[in-house]
Amino acid sequence: MAQLQRIAIASSQFHSQHITLTAEQHHYLCRVLRLQSGDRFIAMDGMGKWWLAQLADTQANILQSLTVETELPVALTLVIALPKGNGFDEVVRCCTELGVTCFAPVVSDRTLLNPSSQKLERWRRIAKEAAEQSERTTVPTVLEPVSFTSSLSSVNNQKYICEARGDYPHLLSCLQNQEDGESNLSSQKTIVIATGPEGGWTQTEIESAIQAGFQPVSLGRRILRAVTAPIVALSLVAAACEL
Ligand code: SAM
């Protein structure tokens, strides 16, 4: 099945035996991918399900549902103070490949970027393309940017805030300790990781996060760029989950 092209399709386009295709999807399948009537492809609903489908003129017939296990065993939310420029594009691409479930971009005290609504559409498109490319069954959600303070209110039991300076435990050791304890990483739960902007978190932000139940953690002895830190953090979670 690996050689078949994959395309994300909205769940409203799925019917019992067939898929209605938008003009854009039809163009992509026929003109860009050069598929013809009768050719097969994989349709993903972006919410965990894949189907083997066969192109038939302007629609596609559903041949069978497919079982794919490429998702992490935990839901993983990245709270990220938006990096400057197009830095978040790269974060969305790489962290989607690594298995993130939800991006929660935030504007913190030292965030330099003022995000526009077009950016949100762009990030969602990048997440969809990266999910297709990395054979994920789920397309991560990209939430609208909010202030860092309002992002802290979520009720979750395993939350980490990455802080470049200070004597904090390494994220990996925290994840391994969790695994050894009663709530291990293979159970269905949400892990939240927060990473800061180029100028770092303010002391007040760190204290608010601790009050909201976040554990401050280190990602090692070197100072990572705002774009590198989330990729490193998510790689550690993915490795701890999948080893
Ligand atoms: N200007 C800050 C300073 O000098 O302390 C560094 C900020 S760093 C470029 C951007 C963000 O990446 C930080 O806020 C933190 O969330 C994360 N980060 C970078 N290196 C880290 C490390 N070694 N451990 C934990 N978090 C790190």
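Me: Why is the contact of Glu 135 with Arg 6 called a salt bridge?

Reply: In this predicted model, the closest N and O atoms of Glu 135 and Arg 6 are 3.2 Å apart. The rule asks for a side-chain nitrogen of Lys or Arg within 4 Å of a carboxyl oxygen of Asp or Glu, so the pair qualifies. The domain assignment gives domain 1 (6-66) and domain 2 (75-242), and the rule finds one salt bridge across the interface of these two domains.

Me: What else describes the interface between domain 1 and domain 2?

Reply: About 730 Å² is buried between domain 1 and domain 2, and carbon and sulfur atoms give 52% of that area. The centres of the two domains, taken over C-alpha atoms, are separated by 32 Å, while the contact itself takes 10 residues from domain 1 and nine residues from domain 2.

Me: Is Glu 135 buried, partly exposed or exposed, and what makes it so?

Reply: The relative accessibility of Glu 135 is 28%, and since buried means under 20% and exposed means over 50%, the value falls in between and Glu 135 counts as partly exposed. Glu 135 sits in the loop between α3 and β8 (141-142), where it has a positive phi of about 60° although it is not a glycine.

Me: What makes Asp 57 exposed?

Reply: Asp 57 has a relative accessible area of 58%, and the class of exposed residues begins over 50%, so Asp 57 belongs to it. This residue lies in the loop between β4 and β5 (59-66), and Asp 57, which is not a glycine, has a positive phi of about 55°.

Me: Why is the pair of Phe 14 and Trp 51 called tilted, and not stacked or edge-to-face?

Reply: A search of the whole structure finds four aromatic pairs. The ring centres of Phe 14 and Trp 51 are 4.4 Å apart, and their planes stand at 40°. Phe 14 is in the loop between β1 (6-8) and β2 (18-20) and Trp 51 in strand β4 (residues 50-56), so the pair ties together parts that are 37 residues apart in sequence. Both residues are buried.

Me: Which residues touch the most other members of the largest nonpolar core?

Reply: They are Leu 78, Phe 88, Phe 103, Leu 171 and Ile 193, in a core of 36 residues. Among the elements that each supply at least two residues are β6 (75-81), α2 (87-98) and β11 (190-195), and α7 gives the most, with eight residues. Apart from this core lies another, of 16 residues, among them Ile 7, Cys 30, Trp 51 and Ala 60.

Me: What does Phe 88 touch, leaving aside residues up to four places away in sequence?

Reply: The contacts of Phe 88 are Ile 80, Leu 82, Pro 83, Phe 103, Pro 105, Trp 123 and Val 142. Phe 88, Phe 103 and Trp 123 also form one aromatic cluster.

Me: What makes Leu 172 partly exposed?

Reply: Leu 172, found in helix α5, has a relative accessible area of 28%. In space, Leu 172 and Ala 240 are 7.5 Å apart, C-alpha to C-alpha, although 68 residues apart in sequence.

Key:
Residues numbered from 1 in each chain as written. Predicted model: local features only at pLDDT ≥ 70, side-chain atom pairs only at ≥ 80, totals over all residues. Heavy atoms only, no water. Phe/Tyr/Trp six-rings, centres within 6.5 Å; stacked < 30°, edge-to-face > 60°. Helix = DSSP H or I, 4+ residues; strand = E, 2+ residues; numbered from the N terminus. Buried < 20%, exposed > 50% of the residue type's maximum accessible area, 1.4 Å probe, protein only. Core = buried A, V, L, I, M, F, W, Y, C linked by side-chain atoms within 4.5 Å. Contact = heavy atoms within 4.5 Å. Domains from an automatic or database assignment. Buried area = accessible area lost by both parts, 1.4 Å probe.
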